[in-house]
Amino acid sequence: MTDEKILVVCAANVCRSPLAELALRRGLGADSPLSVSSAGIRANAGDPICAVVASLHDDEEWQTQARAHRARPVTVEQIEQASIVLTASRDIRGELVRLAPRSRDWMFTIKEAAHLGEGFASSAPDRVAEYVAHLDRGRSRAVPLAASGGVGTRLRQLFGGRTTVDPTSIADRHGSRGHLETISEVEVSVATILAQLGGHRRHSS
């Protein structure tokens, strides 16, 4: 039995990271030996999950976990005990590296992990450790991620604005017009990570 742990971190721990946490749990299955949790670098302890995230699925499992979620600030202990840390953005990864520098080798943004994990397959009990090694090797040889070309990016290009989107990051658009785009980016990246780790993507309910 493995005690491998996946930790997902965003800013407030109410939208991006709990969505990734719940989606990973859902895809890995209730009998998975992997544990998944989330936290926020600037979380207000006790804040509930984003209502949009909570409403994504209506099955009892999703609803129960969504209702039970409460935001919590990330701790050094959580980071150091994790087998892999997935962050919503590169800036947040940078903050975590400063907070827990010894754990930097197993920190990746969600999009970065999905990109670098291409070709990974393992059914080993310690497959997260193998996954981290695969991702780490990929940092130096992978083709850099290109900008996703989301709605915001296309509008800036159309009207001649500067495109400053970081392709390794999922922007915090909670409460704005780009909120659904953020949710979609998390879901797509998590689905890719699940396929790499041998999980599955359940259909919406």
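I looked up the surface to begin with: the protein exposes about 10500 Å², and carbon and sulfur atoms supply 52% of that. The areas come from the Shrake-Rupley method with a 1.4 Å probe, and for residues only the protein chains shown count as cover.

A note to myself: this is a predicted model, where local features need pLDDT of at least 70, side-chain atom pairs count only at pLDDT 80 or more, and totals for chains, interfaces and linings use all residues. Residues are numbered from 1 along each chain as its sequence is written, and side-chain values use heavy atoms, with hydrogens and water left out.

Next I checked burial. Of the 205 residues, 49% are buried (under 20% relative accessible area; exposed is over 50%, partly exposed in between; 1.4 Å probe, protein chains only).

Then the fold: I found nine helices and four strands (DSSP runs, H or I of at least four residues for helices, E of at least two for strands, numbered from the N terminus). Their order is β-α-β-α-α-α-β-α-β-α-α-α-α.

How many salt bridges are there in the whole structure? I got 11, counting a side-chain nitrogen of Lys or Arg within 4 Å of a carboxyl oxygen of Asp or Glu.

I picked out Arg173. Its side chain meets Glu185 at 3.0 Å, N to O, and Glu181 at 3.8 Å, N to O. Glu185 lies in helix H9 (residues 179-197) and Arg173 in the loop between helix H8 (151-158) and H9, so this pair ties together parts 12 residues apart in sequence. Both Glu185 and Arg173 are buried, and Glu181 is buried too.
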